[in-house]
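Dear colleague,

Please find below the structure that I am handing over to you. My notes on it follow directly after.

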2 protein chains.
Amino acid sequence: MNRVINNPGLVVDDMLKGVLAAYPQLEAAAANPRVIKRTCAPIAGKVGIVTGGGAGHEPAFLGYVGENLVDAVAIGEILSSPTANSFFEAFCAADGGKGIACLYGNYAGDAMNVSMALKMAELAGIRVRTVVANDDVASAPKGKEAERRGVAGELLMLKTASACASLGGSLDDVIAIAQKTIDHTRSIGIGLKPFVIPAVGKANFRIGDGKMSIGVGLRGEPGIRLDDVVSADEMASLMVDAVVTDLPFPPGKRVAVLLTGLGATPLMEQYILYASVTRYLGEAGLTVAVPLIGNFFTSLEMTGVALSVLLLDEELERYMKHPCASIGLKQT
Amino acid sequence: MNRVINNPGLVVDDMLKGVLAAYPQLEAAAANPRVIKRTCAPIAGKVGIVTGGGAGHEPAFLGYVGENLVDAVAIGEILSSPTANSFFEAFCAADGGKGIACLYGNYAGDAMNVSMALKMAELAGIRVRTVVANDDVASAPKGKEAERRGVAGELLMLKTASACASLGGSLDDVIAIAQKTIDHTRSIGIGLKPFVIPAVGKANFRIGDGKMSIGVGLRGEPGIRLDDVVSADEMASLMVDAVVTDLPFPPGKRVAVLLTGLGATPLMEQYILYASVTRYLGEAGLTVAVPLIGNFFTSLEMTGVALSVLLLDEELERYMKHPCASIGLKQT
């Protein structure tokens, strides 16, 4: 096992030690080491932004706790949901008296635990509303959007909603922005080599040599088909096509593009793909106003890429461009 | 070949198309597509900062062209030196009339091409001085520092020298800061799985399963020994030991730490390693004033990590913390 770990069962705890050692602006919630918050949180009079999910997607999610971004994050085991208690304690850590927006991805475990945490919050008198990311076009057909997984597009929702909260938005405003963002975001991934969960020790899914899994999920969920690997340009064509045909993306509009590596795909290859993505979007009449290219949302050391496209309006573009600072995303 | 590329022989050109499509603040030099410069360069009255090297280390080197960072970069083929002409045209692109600091790594090809470019610059009346990074302790024994390779520590030299130039330093000042930085930086890498050069199609070196190559070079140069993989904590111990014993790092001093993944090692594992690195540095009486953790300097999709430690004084710490913005490094 060619890894940089100590105990395969303790990778999340060991990672958090490193994160907390590096950044004094982050701390664990007093009651729960699996909640990481901004040291300055809660911020009185600001809507608190909370997210959470399984570990192994770093820098998602803990890497988006920061200035003008997320206030507190609940952290699960590798690729599995945080506990209800962790979500609840993240609410407490982020509660500045103006309500909490809990923004998370559409997975059964997360939904169940958030649901329990909401009941705990109600008893504690903390007002929480939720938005669920469901941006992955490959995970359910058009018309069944509510069944789709949340993937990298979730970051775009965190970005805009957090900017809205930082600029003084009410809980209703923040929730509306988060919902509008995810409603206008479509994503698709291509997996080229699987990952291995350290505590498992072998891949629990297969992508053969020379094959690509189109529509692969961030937890290794199988894609919609397994094809021979094609060129980056052909990958871009099929990814852009899958995304822009799923929602009206009217010609003349501006978009934000998030192109993330899934872990082991070099940045070089991500830029090779981006060159074609931006060309195909251009052919569809779309202008990229906000490009984000890099390892923003990974699946351990999976080889592959994912594309998310957000249809912007003036408001969303402003929020996307708002300055922020965190491990995973810094903008001036 | 599970890659996101078009033509294996054109990966660098194709990458540059993506980079230029994404960032209007970067452009190719008019005369040479293998020189990327800030759109605003040359900046009159500022010492120009130039670097260069082989591609495949992204975000190094082109990812460090930016605000308060590098003005122009010469880009070679995968893991091979840029041409003399590219170095020369990078000098021209960065020449604001106050001289050029050309900062690069200690490789025979780069040294030869920079040497030729210096002659071209002399004829063109551009004043250029150089500093050569030689931070890799594994590549030659103590006492033979001039034979050592430049590795990730080169980024620290770019950072401080660029800050000095941006704050109005003369060419002498900038060169002195670059030299002081690299003289006080020591690095070591551990490789866990090799990379494959796309145009070659198979790894040209081997690291067996369950093995680690201590002191591996960024171009796959063999390390000083091939051992069984140990825990992250033991890796940290041997890396910190190799680095801090090579230079006086007096207890009570502050250091900058650059912990880079080599391509395919997840950010999670980098933080696991960092937790132990900072602890062992603490045991040596050293305080980490500047932590940089992430994929800053890679070797395609090599699995592994590299550690660079810079002994700070007040001046170097100030330059390390100076704000900057580029693809690979953003600080506010």
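Glu269(A) pairs with Arg3(B) in a salt bridge, with 2.5 Å between the closest N and O atoms. Please bear in mind that this pairing, like everything else in this message, comes from a predicted model. The rule finds two salt bridges across the interface of chain A and chain B. Side chains of opposite charge can pair when their charged atoms come close. Between chain A and chain B, 19 residue pairs are in polar contact.

On the side of chain A that touches chain B, the elements giving two or more residues are helix H1 (11-22), strand E7 (185-193), helix H6 (232-244), helix H7 (267-283), strand E11 (287-294) and strand E12 (303-311). That side of chain A is made up of 31 nonpolar, 13 polar and 11 charged residues.

How much area is buried between chain A and chain B? The value is about 4,200 Å², and carbon and sulfur atoms give 65% of it. The contact draws 55 residues from chain A and 55 residues from chain B.

About 2,700 Å² is buried between domain 1 and domain 2 of chain A, with carbon and sulfur atoms giving 60%.

Across this interface of domain 1 and domain 2 of chain A, the rule finds three salt bridges. Separately, Arg219(A) and Asp110(A) join their side chains in a salt bridge at 3.0 Å, N to O. There are 15 residue pairs in polar contact between domain 1 and domain 2 of chain A.

As to overall form, chain A contains eight helices and 14 strands. Its C-alpha trace spans about 50 × 50 × 35 Å along the principal axes. The radius of gyration of chain A is 19 Å, which agrees with a compact globule, because 332 residues in such a globule would give a value near 20 Å.

Over all chains, the count of salt bridges comes to 42. One further example is the salt bridge between the side chains of Asp14(A) and Lys17(A), at 3.4 Å, N to O. Both Asp14(A) and Lys17(A) belong to helix H1 of chain A, where they are three residues apart, about one turn of the helix.

Some details of the backbone may also interest you. The peptide bond from Ala60(A) to Phe61(A) is cis, with omega near -5°, and Phe61(A) sits in the loop between strand E3 (48-55) and strand E4 (72-78) of chain A. In chain B, the peptide bond from Ala60(B) to Phe61(B) is cis, with omega near -5°. Leu300(A) is not a glycine, yet has a positive phi of about 45°; Leu300(A) is located in the loop between E11 and E12 of chain A.

With kind regards

Notes. Residues numbered from 1 in each chain as written. Chains lettered and ligands numbered in written order. Predicted model: local features only at pLDDT ≥ 70, side-chain atom pairs only at ≥ 80, totals over all residues. Heavy atoms only, no water. Contact = heavy atoms within 4.5 Å. Buried area = accessible area lost by both parts, 1.4 Å probe. Salt bridge = Lys/Arg side-chain N within 4 Å of Asp/Glu carboxyl O. Polar contact = N/O pair within 3.5 Å; in protein donor to acceptor, adjacent residues only side chain to side chain. Helix = DSSP H or I, 4+ residues; strand = E, 2+ residues; numbered from the N terminus. Nonpolar A, V, L, I, M, F, W, Y, C, P; charged D, E, K, R; others polar. Rg over C-alpha atoms; globule rule 2.2 N^0.38 Å.
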